[in-house]
Amino acid sequence: DMGPTSMPSVPLMVGCGVSCTALFILLLIYAAFWRYIRSERSIILVNFCFSILASNLLILLGQSQTLNKGLCTVTAAFLHFFFLASFCWVLTEAWQSYLAVIGKTRSRIIRKRFLCLGWGKYTHT
């Protein structure tokens, strides 16, 4: 049980730290080889990694913000947003995989919809 002045548990810090490190390394690898591996799947994966990385960083940094009610509320709101975005990116990957299986050709409009769905922005196009 964490009180308002206690530090986050060691397993939480280690787990989020290892996850952040692995995600950061993955993003560096993608950045280094981007011109060779750029595809819809890569774009979806990179955005998914960013949302998980942001969630982990907010968990690590937000644990010490419980004394300031305003900062705690903002941290919680962003944490919810990035977790929801992570689920949306998984849905986007599933949609992209479905379209690949049925052989439907994709246009720039569908790629734009992938980005909008992943980050939770509604679009009429």
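This is a short tour of a predicted model, stop by stop, with what to select at each one.

Before you start, note that residues are numbered from 1 along each chain as its sequence is written. Because the model is predicted, local features need pLDDT of at least 70 and side-chain atom pairs count only at pLDDT 80 or more, while totals for chains, interfaces and linings use all residues; side-chain values use heavy atoms, with hydrogens and water left out.

**Stop 1: Met-13**

Select Met-13, which sits in helix 1 (residues 10–32). Helices here are DSSP runs of H or I with at least four residues, numbered from the N terminus. Met-13 has a relative accessible area of 33%, so Met-13 is partly exposed; buried means under 20%, exposed over 50%, and partly exposed lies in between (1.4 Å probe, protein chains only).

**Stop 2: the largest nonpolar core**

Next, select Cys-20, Leu-23, Leu-27, Tyr-30, Val-46, Cys-49 and Leu-53, the seven residues of the largest nonpolar core. Such a core is a set of buried Ala, Val, Leu, Ile, Met, Phe, Trp, Tyr and Cys residues joined through side-chain atoms within 4.5 Å. Helix 1 and helix 3 (40–62) are the elements that each give two or more residues to this core, and helix 1 gives the most, with four. In soluble globular proteins, nonpolar side chains tend to be buried together.

Keep Tyr-30 selected. Which residues does Tyr-30 contact, leaving aside neighbours within four places in sequence? They are Ile-37, Ser-42, Leu-45 and Val-46, where contact means heavy atoms within 4.5 Å.

**Stop 3: a surface patch**

Color Ile-25, Ile-29, Phe-33, Tyr-36 and Ile-37 to see a nonpolar surface patch of about 500 Å². Patch members have over 30% relative accessible area and no salt bridge, and nonpolar side chains (Val, Leu, Ile, Met, Phe, Trp, Tyr) are joined within 5 Å. Areas come from the Shrake-Rupley method with a 1.4 Å probe. At least two patch residues come from each of helix 1 and helix 2 (34–37). Zoom in on Tyr-36 in helix 2: its relative accessible area is 61%, so Tyr-36 is exposed.

**Stop 4: aromatic rings in helix 4**

Show the side chains of Phe-78, Phe-81 and Phe-82, a cluster linked by ring pairs. Rings of Phe, Tyr and Trp (its six-membered ring) pair if their centres lie within 6.5 Å; planes under 30 degrees apart are stacked, over 60 edge-to-face, and the rest tilted. Phe-78 and Phe-82 lie in helix 4 (residues 69–102), four residues apart, about one turn of the helix. How are the rings of Phe-78 and Phe-82 arranged? Their centres are 6.4 Å apart and their planes at 25°, so the pair is stacked. Phe-78 is partly exposed at 45%, whereas Phe-82 is buried at 17%. Phe-81 and Phe-82 form an edge-to-face pair, 5.2 Å centre to centre with 70° between the planes.

**Stop 5: a salt bridge**

Finally, select Glu-93 and Arg-41, which form a salt bridge whose closest N and O atoms are 2.5 Å apart. The rule asks for a side-chain nitrogen of Lys or Arg within 4 Å of a carboxyl oxygen of Asp or Glu, and the count comes to one. This pair links distant parts of the chain, Glu-93 in helix 4 and Arg-41 in helix 3, 52 residues apart. Arg-41 is partly exposed, with a relative accessible area of 46%.

Conventions
Patches are made of residues with over 30% relative accessible area and no salt bridge: like charges are joined within 9 Å, nonpolar side chains (Val, Leu, Ile, Met, Phe, Trp, Tyr) within 5 Å.
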